Amino acid sequence: MRAIFDFLEQDTRAASFARIMSSTLSVLILWQLLSLMVTNRLLLVPPADVAASLLEEARSGAMWVNAAATVTAVVTSFIVSIVLGVAIGLALASNRLLSLTGGPVLSALNSVPIIALAPLFISWLGLGFASKFVLVLMVAVFPIVVTTEAGLRAADRQLIEAAVSFNASKWQIFTTVTLPFSLPFVVGGIRVAWARALVGIVVAEFFGSFAGFGFAILSASQTFDTARVLGYVIVLGAMGLLGSIAFETLERRLAPWRQE
Amino acid sequence: MSAAPILRIENVGKIFTRAHKPSVEALRNINLSVHQGEFVSIVGASGSGKSTLLRIIDGLLAPSDGKVYVDDTLVTGPGRDRAVVFQQDSLLPWKTVVENVAYGLSLAGIRWSEAAKTAQRFIDLAGLTGFEQHYPHQLSGGMRQRVNVARALAVDPKILLLDEPFAALDAQTREIMQSELLSIWQQSRKTVLLITHQIDEAVFLSDRVIVFSARPGSVRREVRVNLPRPRELEVKRRPEFVALVDDIWKLIEAEVRAGLKQQ
């Protein structure tokens, strides 16, 4: 038993895979047990039914139509969020006046539940790609702005002083100290942004679209097809998990010294 | 010592002015010369402005009064003729040992192949051979300070400035590092100015020890160390050494007590 725990606590790829597998398995077992107790199939369906429903969606092709709609919208918007977020963060970190003036507006916008504005965006931009794009951008850009600015400002004064002492130019200080120091922060922000983007896309698709995972979830729940609802939720969960793992790995690659 | 001194400090004073607070006079009328190849230490109570003086010499701070000349050139900012070893190891955590040692050279625009070759020489000199591809977080505090020393030496400065380089190390590691610094110095024959609050460290390493008074810092006394070189750690047990350390301590003791009351 002790040996198993020791293995699971290791910082290796095999151990982290085993951790994910064992937590997934526990959820499945718990779910199966619950669905034995809750027998109303409108409320809860067992994992096997959900899997069957997912397979059916894949076979009929509905899954791919929805995936194409959701993935194009969320990925395009996410990439634009990263570029825009980093750019705004850079601008704020390099200009004190801009940061002091723009900061309060940004934090106000960040604390507004932008999701609540979804119906408005849809009436402005119509159903489909444009409204999804803007809504995802609005929720995903802020964590990146905030962490980019914080990361650029967090650079160790001692390191900057050493660079200055070596006669480094402003640009050299930026490229050799400030920027590399901020990268893990930025990636941390991107990780949070990805989770938010997935929420954003589903909400956007709830309110107005003809295809996508959010659209599929809404239409399945309207026909009381619980298995299909849960199936798509699981697909979204998997997307979130994959993104989270990828960005976390990247964060660690960029800052291996932070774990010690 | 007939040649002109390589470092000349003339009437240097520094006053820090702060918003809504009384200004602080850190240094007053410092005059000091260091000759080519000399090892000079400045000791003083904490708050005596000795680190401030080092930062002025490096060009990180501008003096309020007076001038600093390196090789007859007025210091107006950091330059390649001076390099600092800071108290905290200010190594870039995302760079390997060899990249860190070559950092100053890369900033000066020297090609990587050449910079790496130079870096390797100083890695070997600092006893870091075999650790070239390690990252700072994989090294002990003593090893990191060796990287720091190698990095400063690699740019081939005319003057090496050491700002309490071993203060963050434990007492035993510090002793070893002192004797290693001496052997590195003996091989490179650099001019060294060391700031420290460890009197025995200053005496062990230096040709001259400058004793600073408490705030505002000024030169209280200059003590010549005539112990023969090369010195081994055993020197520290010789009666002349102990007597010298004791003399300096007597000079500083009153200042330290005064400094305590000031704070």
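Keep in mind that the model is predicted.

Let's start with the sheet. Six strands of chain B form an open sheet, and its pairing is mixed. The order is β6-β7-β8-β3-β9-β10. Which strands stand at the edges? They are β6, residues 82-85, and β10, residues 219-224, both of chain B. Each has a single partner strand, so one side of each is left without a neighbour in the sheet. On average, neighbouring strands are turned by 20° against each other, direction ignored.

β6(B) and β7(B), residues 159-163, run parallel and are joined by four bridges. In one of them, R82(B) has I159(B) of β7(B) as its bridge partner.

Next, the helices. Helix α1(B), residues 50-58, packs on the sheet. It touches β3, β6, β7, β8 and β9 of chain B. Its direction makes about 150° with that of β7(B).

Helix α5(B) covers residues 141-154. It lies across β6 and β7 of chain B, at about 175° to β6(B).

α5(B) also packs with another helix, α4(B), residues 112-125. How far apart are their axes? The answer is 9 Å, with an angle of about 135°. That angle makes α4(B) oblique to α5(B). The crossing is right-handed.

Who meets whom? From α4(B) come T118(B), A119(B), F122(B), I123(B) and L125(B). From α5(B) come A150(B), L153(B) and A154(B). By class, this contact has seven nonpolar residues, one polar and no charged ones.

Notes:
Residues numbered from 1 in each chain as written. Chains lettered and ligands numbered in written order. Predicted model: local features only at pLDDT ≥ 70, side-chain atom pairs only at ≥ 80, totals over all residues. Pairing = 2+ DSSP bridges. Helix = DSSP H or I, 4+ residues; strand = E, 2+ residues; numbered from the N terminus. Axes fitted to C-alpha atoms, helices over the stretch in contact; angles between N-to-C directions. Contact = placed C-beta atoms within 7 Å. Parallel < 35°, antiparallel > 145°, perpendicular 65-115°, else oblique. Left-handed = near helix turned anticlockwise from the far one by under 90°. Nonpolar A, V, L, I, M, F, W, Y, C, P; charged D, E, K, R; others polar.
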